[in-house]
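Hi,

Here is the structure I said I would pass on. Have a look at it first, and my notes follow below.

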Amino acid sequence: MIPAAFEYYRPKDMDGVLTLLAEHGDDARVMAGGHSLIPMMKLRMADVPHLIDMQDVGGLSDIEITNDSIRIGAMVTQSDIIAHDGLSEVAPILREAALQIADPQVRYMGTVGGNVANGDPGNDMPGLMQCLDATFTLIGADGERDVPARDFYEAAYMTAREDEEVLTAVTLPLPKGGYAYEKQKRKIGDYATAAAAVQIVKNGDTCVSASIAMTNLSDTPIYSADAGAALVGTSVDDAALKAAVSAMDGDIDPTEDNRGPIAFKKHVAGVILRRAIERAWSRA
Amino acid sequence: MSKKMHTTLKVNGKQEEFLAEPRELLIYTLRERLNITGPHIGCETSHCGACTVTIDGKSVKSCTMFAAQAEGAEITTIEGLGGPDDLHPLQEAFKEHHGLQCGYCTPGMITRATKLLEEIPNPTEEEIRFGMAGNICRCTGYQNIVKSIQAAATEMNAAKEAAE
């Protein structure tokens, strides 16, 4: 499998990247780890006449933790997330999710920025970042702007990022309470049949807040405010779980593919969400 | 056709320089340009792990990286780990414990396992299975691969202790 010919660039800074993007528009693509883009180029499903490799652009590989937020540079890899002790302490859901992405080799290359910017509904980080209410920082010719993860995804591979912009960082408030990222997949390396990200806060025996997002069950990740609301004020008993699953079911819109028919995916989504809520609650 | 690029790699300790189109995947550079045929092409879709090499301390599927991306990198393939007369402990253990049958996946398996044992010198069976999940074997059923890696870990840890 040999991709179509392209010009390769490895600029040393963001100005260099933005100049190339301004010059070539949507004929150019930036690449971080390349483990989504290169397979698409090999299959000739992605046509990239100008490939901009980001590996020499500095300042995109840091993880910064403050008293109230976490900032993850776009070039931080899944394997960096897994290995970072401080991050696992303050936001263990990130590590739990990263461990369920692809396989060890892919996790050394695959980045947070690539995963969220690509817009593939199968990617795990977009739903996770919606659950955590993260914000994506984009840089373009006119400077930086921030877009909430919950507003970023428009359709499969269509996002709020303009062709001439680069996603540079993901910032999220420090997560509170119990967490779970639960993913059903056919085999290691596969995308989710269904996955659920849950972050839940408990006061006494009562749920005081819950955030729920689902992966690969629509052409975008699905943040289900109603599913979270169904848990608030309850003791997360069976009735509340049923209400949350039913609310989520109304928000997703899966299509039939080689992972199964619609009814099956909806069934799996319910099972996975229930497990995720129960696990998050047990940790809250 | 796009412009050829001057690329420099250090493969198994040897400096290599060549001109290649940007679209040349690293696995082809290794196998066809440099005649380093240990890394294999299995699925060519980043699933099977037969093409695994170590690049600047990371296990990477070389079918999913362009040679141009590896410019300036240090690469180790199975050839750099040991030869017939001086087998790496993992190579010895795979031989002793029947960790291979057809052998097609073995270079990728062993190259990946060197990195796994670097990160986790004394892994549990579960850690081995999880850490080797990017390498597929269609013959062994994995049981003897796990045993081989456990045996190599024991051997390597004993050698390290003896040296201290």
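A term to start with: two strands count as paired if DSSP finds at least two bridges between them. Strands (E, at least two residues) and helices (H or I, at least four) are DSSP runs, numbered from the N terminus.

Some housekeeping: this is a predicted model, where local features need pLDDT of at least 70 and side-chain atom pairs count only at pLDDT 80 or more, while totals for chains, interfaces and linings use all residues. Residues are numbered from 1 along each chain as its sequence is written, chains are lettered from A and ligands numbered from 1 in the order in which they are written, and side-chain values use heavy atoms, leaving out hydrogens and water.

Chain A first. Its open, antiparallel sheet has five strands, ordered β4-β5-β10-β6-β7. β4 (63-65) and β7 (143-148) of chain A are the edges; each has a single partner strand, so one side of each lacks a neighbour in the sheet. β4(A) is held to β5 (residues 69-73) of chain A by three bridges, and A:Ile63 has A:Ile72 as its bridge partner in β5(A).

Now chain B, which splits into domain 1 (5-80) and domain 2 (89-163); the bounds come from an automatic or database domain assignment. Their C-alpha centres are 22 Å apart. Between domain 1 and domain 2 of chain B there are zero salt bridges (a side-chain nitrogen of Lys or Arg within 4 Å of a carboxyl oxygen of Asp or Glu).

Cheers
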